[in-house]
Amino acid sequence: MNTMGRNKKYGSLYDNIDKFCNLVDQSLLVFEEGFKNYLYHDMSALNGNIQTIVKLENESSTLRRELEKSLYSRRGFSNTHGDILRLLDLLYIIISALYNDIYQLEIETPNIPEELNADFLKLMQLSTSSVANTIPACKAFFTSPDTIPDLVRRVYFYHKEADRQAKALKRKVFHEFDRLKLSEKFHLRYFALHIEEIAQHAIKVSDQLSVMTIRSQSRRDLIVESRSLPIILSSAAFIVSLLCGFIILPGSGLKSAHGYAILMVAAATVLVLVIFLLVMIVRARNSKRRSDSRMLAQEDELLSNNRRISEMEAQIMKMENDHLQNLLDLKRKETTGVVEKISEQKGFIDSIYDILQKAELSKDDESRDALLHEAKTQLSLRRNLTGDQNDFYAQVEQLHKDFSVRLASRFPNLSAQERKLATLLRLEYSTKYIADVLNISPKSVEVERHRLRTKMGLERGQNLTEFIKNI
């Protein structure tokens, strides 16, 4: 920080604030490096980044407590001190957010496809750039506050770009990556939200700086006006003293009529000066009132923006919770269905086992043949898994609804069986597995594949599965 521009009465306070800002800057650099290391699977380097950011978070926490103690201990705790504490709290929240996000990467290890690396990196860089521009703005408040509006505009620019990139990234995840599970998509969305939230914290710092700048400017204007009044009063008193002294000087040689005229001029001058002073006082008060009104209006606007941001964050959190609840309900239904199928299959196996056991114990050939025929009939019926197949395919189609829509739009002449085959091929199931699911022979699967190639207009060298995956 430029020590020439700082207020000397605060001593080393500004140096500690400068140090705190530098800790935010270092945390940003470590977070960026750690995020890149995670994307490129360098977990050893990531662990080193985590250790570093833990150390920085501890240092910032200790320094924050020292700064709070220093500000509270100063005589006449003022609004300026309160604003500085609020600013420090917001900066510390940024360090905590960076610390938590990089820790969550190592703990939860989200499955980020390599095709999305560039998108996540761009989002991360835009969010951290928003924060990076708050650091010179914080320092400028103590050295050159006139530059803050330009610096703050950069913060808003990067925040807006981060918001746009986050929306594009989430849209890409849900519309172009059907191979990902729904839970994996929500996990990626969750991390995109948290990276975008870093830029939201930068906006809050910028709003606080704007409020502090407005208040500081109002205080400076008031000080200038209050200092100008004594100068004017002193000047008026000096002029009146000269005039009166001129009148009453002994031996001035002035006649009484002339002296009276000069006295009247002096009185008129004093009256004009008094009126002028009253006008100046009224103007100063009006100026202060307008300045206060302007400051309150801008603070109200900033608070209103913060409320809107908080409401948007609450809505986003509610949507995220609703989506997660829906996902949990779906998983619960799937789990319940699996348990019911296991129970039903156990009951079927037990019934077949009982029939075979009775047949084994039966001494009558006719009765034994009847029992074996019953077991064979039930097993034959069981081989037709139409209900299970339909349930399975319904779940697959629900999870890959976008692909089903694109497939039907591009190839409307496909039969229901061929659409099922295309979906299973896209999931890269083996021929044997597809045969079991569709209840046909492996040879029939190959025939169906050939028909599908023909209807899709594929040439001899084209791979059917890769073609379907790119639809």
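1. How many helices and how many strands does the chain have? The chain has 15 helices and 0 strands, where helices (H or I, at least four residues) and strands (E, at least two) are DSSP runs numbered from the N terminus. This is a predicted model, in which local features need pLDDT of at least 70 and side-chain atom pairs count only at pLDDT 80 or more, while totals for chains, interfaces and linings use all residues. Residues are numbered from 1 along each chain as its sequence is written, and side-chain values use heavy atoms, with hydrogens and water left out.

2. Of the 471 residues of the chain, 35% count as buried; buried means under 20% relative accessible area, exposed means over 50%, and partly exposed lies in between (1.4 Å probe, protein chains only). Taking contact to mean heavy atoms within 4.5 Å, 75% of the contacts between residues at least 6 apart in sequence join residues at least 24 apart.

3. Once neighbours within four places in sequence are left aside, Phe 120 is in contact with Phe 35, Ile 112, Leu 169, Leu 188, Ala 192 and Ile 195.

4. The 31 residues of H2 should span 45 Å at 1.5 Å a residue, and the end C-alpha atoms of H2 are 45 Å apart, which agrees; the expected span is 1.5 Å times one less than the number of residues. Among the buried residues of H2 are Leu 46, Asn 49, Glu 57, Ser 60 and Ser 61. Gln 51, also found in helix H2, is exposed because its relative accessible area is 59%.

5. Asp 83, which is found in helix H3, deserves a separate look. Asp 83 counts as buried because its relative accessibility is 8%, and, not counting residues up to four places away in sequence, Asp 83 touches Gln 208, Met 212 and Arg 215.
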